[in-house]
Amino acid sequence: QVQLVESGGGLVQPGGSLTLSCAASGSLSSIYAMGWGRQAPGEHRRTVASMTSDGVTYVADSVKGRFTISRDNAKNMVYLEMNSLKPEDTAIYYCAKRVYRFEPVTALLVSEYDSWGQGTQVTVSS
């Protein structure tokens, strides 16, 4: 069972940037998709970005053009680069994995992912 541990969260001013990292305890080579989700207080968790093993990425409209997902299978790492951050991006950010293939239309559904990490807090505030 691959365990996921997120890091890199913190406090950042509006307009700033932050890069989150997700370390996997095992090999990513057998995992089809890695994703990032977030959950703000009082809201449901939402997937904001996903990347498949063949390099296809999916990004939610709310963060498109600002967030970039990448993965390094050799290092068993997944990253989420966040630019032009807004106060509404404040949330706990989680890394997730999906072992088997999914239909592209479901790539950003929280229910498509097998397991999630413990999360890292991102706060965007002046």
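How many helices and how many strands are there in the chain? In this predicted model, the chain holds 0 helices and 11 strands. Read along the sequence, the elements therefore follow the pattern β-β-β-β-β-β-β-β-β-β-β. The radius of gyration is 13 Å, close to the 14 Å that the globule rule gives for 126 residues, so the chain is as compact as a globular protein of that length. Along its principal axes, the C-alpha trace spans about 40 × 30 × 25 Å. Of the 126 residues, 46% count as buried. The accessible surface of the chain comes to about 6,400 Å², and carbon and sulfur atoms contribute 49% of this area. Among contacts with a separation of 6 or more, 61% are made by residues 24 or more positions apart.

Four of the strands form an open sheet in the order β1-β3-β8-β7, with antiparallel pairing. Its edges are formed by β1 (4-7) and β7 (67-72), each of which pairs on one side only. On average, neighbouring strands of this sheet are turned by 15° against each other, direction ignored.

Strand β3 (residues 18-24) is in turn joined to β8 (residues 77-82) by 6 bridges, and the two strands run antiparallel. Within this pairing, S21 stands opposite Y79 of β8, and C22 stands opposite V78 of β8. Strand β8 is also joined to β7 by 6 bridges, again in an antiparallel arrangement. Here T68 has E81 of β8 as its bridge partner. The hairpin of β7 and β8 has 4 residues between the strands, and in this hairpin N76 takes a positive phi near 55°.

The structure holds 1 disulfide, which joins C22 to C95 with an S to S distance of 2.1 Å. The link of C22 and C95 is left-handed, with -85° about the S-S bond. Because C22 lies in strand β3 and C95 in strand β9 (residues 91-98), the pair ties together parts that are 73 residues apart in sequence. Which of the two classes, buried or exposed, applies to C22? With a relative accessibility of 0%, C22 counts as buried, since the class requires a value under 20%. C95 is likewise buried, with a relative accessible area of 0%.

Key: Residues numbered from 1 in each chain as written. Predicted model: local features only at pLDDT ≥ 70, side-chain atom pairs only at ≥ 80, totals over all residues. Heavy atoms only, no water. Pairing = 2+ DSSP bridges. Axes fitted to C-alpha atoms, helices over the stretch in contact; angles between N-to-C directions. Disulfide = S-S within 2.5 Å. Buried < 20%, exposed > 50% of the residue type's maximum accessible area, 1.4 Å probe, protein only. Rg over C-alpha atoms; globule rule 2.2 N^0.38 Å. Contact = heavy atoms within 4.5 Å. Areas by Shrake-Rupley, 256 points an atom, 1.4 Å probe, with all protein chains shown as cover.
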